[in-house]
Amino acid sequence: MIVAGNFLLATARVIDFIFSAYVWIIIGSAVVSWVNADPWNPIVRFLRSATEPLYRVIRRRLPFLSAGGIDFTPMVVIAAIYFLQIFLVQTLLDYARQMK
């Protein structure tokens, strides 16, 4: 059971890291959208390609988020990520601690 507990612990930490990194990518993408950045810059292209597919899905399902000139889609994505961090990662950590 110790091996399974350690596996769940490692999985939870990796998922938490990925979620945290993606939040920073979203923040970077939002900041870049506020300034007139060069769209051919590799960093700008990476930020857009990493966030726009998810943004498109959310904008299609919740079109009122980008109404009025202000796009609230990044905030919704960050809120969903924080929810998953609290729920999913914490659940995995609790299971891992019980297995040890």
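## Burial

A residue counts as buried when its relative accessible area is under 20%, as exposed when over 50%, and as partly exposed in between (1.4 Å probe, protein chains only). By that rule, 27% of the 100 residues of the protein chain are buried.

This is a predicted model: local features need pLDDT of at least 70, side-chain atom pairs count only at pLDDT 80 or more, and totals for chains, interfaces and linings use all residues. Residues are numbered from 1 along each chain as its sequence is written, and side-chain values use heavy atoms, leaving out hydrogens and water.

## Fold and dimensions

The protein chain has three helices and zero strands. Its pattern along the sequence is α-α-α. Helices (H or I, at least four residues) and strands (E, at least two) are DSSP runs, numbered from the N terminus.

Along the principal axes, the C-alpha atoms fill a box of roughly 55 × 30 × 15 Å.

A contact means heavy atoms within 4.5 Å. Among contacts in the protein chain with a separation of 6 or more, 62% join residues 24 or more positions apart.

Thr 51 lies in helix 2 (residues 42-61). Thr 51 counts as buried because its relative accessibility is 0%. Leaving aside residues up to four places away in sequence, Thr 51 touches Tyr 22, Ile 25, Ile 26 and Ser 29.
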